[in-house]
Amino acid sequence: MEHELTFQKIKEQVELPELLSHFGYNLKKGEHLGKGKWHVFEGDDTLVVFKGRGGDWMYFNAQDDRDKGSVIDWMKNRVSSDRIAGLGPLPGRNLWQSVNDHFRAYLSLPEEQRPRLDLPPIVETAPGEKFHSIYTQHCRPLENTAYLEGRGITKSTIANPQFAGRILNQFHTVQKEGLPAKTYVNTAFPAYHEGRVVGLELKGEGFKGQAPESQFTRSLWLSKLPEGRPAAVLVVSESALDTLSYAQLHPGESALYASTAGTLTQNKIFELKRLLSEEGIPAIRAAFDNDTQGHHFDTRLLAGLASEQNPMKVVREHEHLLTVEITAVHPAGVQALSLHLKSYNDQATRQYAQENGEPGNPASSQTLRDELIHSNKLGAHTYQFHVPMSREALGAFNEAASQTLGFEHRVEIVKSQGKDWNQDLKHDQLQRVVQRELGDIDEDQYGFGQQHWDNPPIEGQGKIAQLHEAQVLARNQGERLLVVEFRESRDAIALLPALRENLERVGLTIDHAVKLDTNAPREIATELTLRYRLDSPQLPAISDALDALRLNPRATVIEPVPDAMERRQLAAAQEQLRQAGPKLVPSDSPAHDQVRQSFIEAAGLVARELRESAATLNAARLQEVSRQLLTKPALEGLNRENVEKVLAVVDKLDTLKDNPAVQQLRQAVQQLEQPAQTQQVLQKPRPGPRFWQCGLSRS
């Protein structure tokens, strides 16, 4: 009878490891998994399974500290959440009746259908022994603050009650053969989703990383709410270090602080909206980095917070162009937005004509057209804006959108003067030191951190027009010279160090950095003589950096027009070769080779999405299979197993499972499993129209 199957009998008759195996969990193996103390199973989540006092099987969800208990609790939590197919509430039965029914069905299975596992023995859990989250099991409360203080974060900021428990120390021990063990101490920032830890961001001297299996696609690092008063604003930046720097630079604000760990996914935006609504916070302040990616994040955030009166979404993200679609029944906001953007385009056109000196109508230049914001009208109330992926264009669009459109919450966009808030913090501290130590001494002698003029002036102040001999010598060596004049205010944080660092990072060599005389009050002018090789593998990055610098209102780029044209053409050709990738070694079947190529193309797109979803291991697996397929015509053995593992992960990611690239990948896998002579040519999708072609039309 029904009442004869009690929960106590279930505990006695059901082996939790075998139950988990029946419902699709896999046993993880490895010495680091606590051999002799517990087992670790992976399925819809990661479960630590152990023997409790009295010998009952118990479990603990390493990713959700609310999910734990006996075999009964495991079933109850799955039935109530409906997270496993087939385990849900049953018609006409309450929760506990459904739990009992599912156990009865399991125990009624024929013996051969119930799995039997050969598990190593484990002992009962010792009294007081704890099972920590997989993310924080090697963490302790913050004691070692050397890394944070080395980045300018003061002890008073670290001691702020809002950050208590939100910064930890993680200990990592490395044992190399023949050497004593060495323990490293990292600074750890727990990532939260709906109140629970689902990941860990790690920082140390010369190191940054994350805990294995961290779920960064949907989580945020969060401070605590301010004590004794409501939060007036939610401040969100790209990293916890930037958030701490911002808080230190802006003391006394009543804010809840958050960081996105370097990415801004749609799930993170949903989490930000949930915080704003549940905590009753009226405004959000976007404090992302002052670079192209930071401005890109601003655009994504604005789209995610747009009101129902003017829904806004990013419909396409190309390497060089962002397409934003806005639907507005009342077009007044869109019209105002268009006027702001027209002003930006007019200013960029004037600047191009002034700085480039090209004859004819600047508007006819393809280079200029690629830097302007274009728009077109799709329907009665739908508009598209095509924004170049540059800091200046994205910044202009975001500023105009935030001022003219409606949003669910008040949106503020703030930017650091340097690349990020930690850089601003260090400059601010340097200024304070100079002022304290040197008093009223002439600031030009020390430059408040701008002692970056490293060569004596050269004759003619280094202008290319007056350096004909040096230019000819450089050409004979396969190099090109150009000059950049950079002007900034004495009263603002110095930007020259960051500019030099960025130019050298992309591959430019700085021959001279000369301080120029200027008649403008409170202005510092610097002339940089730059050099690059035409055969440099970094030429695409060099070319992009120089073109972006042309649009910087503080910079004047002096470069011969033929050199600029040659640079762009060679950079474009090099980028095409890079995107084409290694050559496929042909087999005896052209159709088979086309399927291999289709697999490799789709795998590249899927791998990129996996990396954005923090599934870096699976991205690496997929890329390794692609590399193997360049020379191996068959998909078999370990390569086949790796593809199956990747597709199993893809099925669990909402952002990927319906992606066209995934469908192309699956189709290629199916065809690669067939004999080569029976395969059909895989049809590639027809390419869509280039974005800029529709960007010039207006309705």
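This is a predicted model: local features need pLDDT of at least 70, side-chain atom pairs count only at pLDDT 80 or more; totals for chains, interfaces and linings use all residues.

Residues are numbered from 1 along each chain as its sequence is written, and side-chain values use heavy atoms, leaving out hydrogens and water.

**Exercise 1.** Work out the strand order of the open sheet of 5 strands, and find what packs on it.

Step 1: Strands here are DSSP runs of E, at least two residues, and helices are runs of H or I, at least four, numbered from the N terminus. Strands pair if DSSP finds at least two bridges between them.

Step 2: Reading across, you get E11-E13-E12-E14-E19, with mixed pairing. E11 (221–222) and E19 (410–413) are the edge strands, each pairing on one side only.

Step 3: E11 meets E13 (residues 255–259) in the antiparallel sense over 2 bridges, and Leu 222 has Ala 258 as its bridge partner in E13.

Step 4: Helix H7 (residues 240–249) packs on this sheet, touching E11, E12 (233–237), E13 and E14 (283–286); contact means heavy atoms within 4.5 Å.

**Exercise 2.** Is Thr 382 buried or exposed, and which residues does Thr 382 touch?

Step 1: Find Thr 382 in strand E18 (residues 382–388).

Step 2: Its relative accessible area is 18%, so Thr 382 is buried (under 20%; exposed is over 50%, partly exposed in between, with a 1.4 Å probe and protein chains only).

Step 3: Not counting residues up to four places away in sequence, Thr 382 touches Glu 325, Ile 326, Thr 327 and Lys 377.

Notes: Axes are lines fitted to C-alpha atoms, for helices over the stretch in contact, and angles run from 0 to 180 degrees between N-to-C directions.
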